[in-house]
Amino acid sequence: MRSSTVADSKKRLSCNKRISGFLREGRGRLYLIRRCVVMLLCWSD
């Protein structure tokens, strides 16, 4: 039983790492898109 719980916790950790990396990447993309939109709006004026 113990070995299965250890394996489950390792799976959860790997999933959490993957999700956090994806969120970090998405946040960076959103930041870049927001910067581009702001620059375009300011440039068109």
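Start with the charges: one salt bridge is present in the structure. The term covers a side-chain nitrogen of Lys or Arg within 4 Å of a carboxyl oxygen of Asp or Glu. Before selecting anything, note that this is a predicted model, where local features need pLDDT of at least 70, side-chain atom pairs count only at pLDDT 80 or more, and totals for chains, interfaces and linings use all residues. Residues are numbered from 1 along each chain as its sequence is written, and side-chain values use heavy atoms, with hydrogens and water left out.

**Stop 1: the pair.** Select R29 and E25. They form a salt bridge, with the closest N and O atoms 2.8 Å apart. Side chains of opposite charge can pair when their charged atoms come close. Both R29 and E25 sit in helix α1 (residues 2-44), four residues apart, about one turn of the helix. E25 counts as partly exposed because its relative accessibility is 44%; buried means under 20% relative accessible area, exposed over 50%, partly exposed in between (1.4 Å probe, protein chains only).

**Stop 2: the whole chain.** Zoom out. The protein has one helix and zero strands. Helices (H or I, at least four residues) and strands (E, at least two) are DSSP runs, numbered from the N terminus. Of the 45 residues, 0% are buried.

**Stop 3: the surface.** Select I19, F22 and L23. They make a nonpolar surface patch of about 330 Å². Patch residues have over 30% relative accessible area and no salt bridge; like charges are joined within 9 Å, nonpolar side chains (Val, Leu, Ile, Met, Phe, Trp, Tyr) within 5 Å. L23 belongs to helix α1. Areas come from the Shrake-Rupley method with a 1.4 Å probe.

**Stop 4: the cysteines.** Select C36. Its relative accessibility is 46%, so C36 counts as partly exposed. Move to C42, which counts as exposed because its value is 55%.
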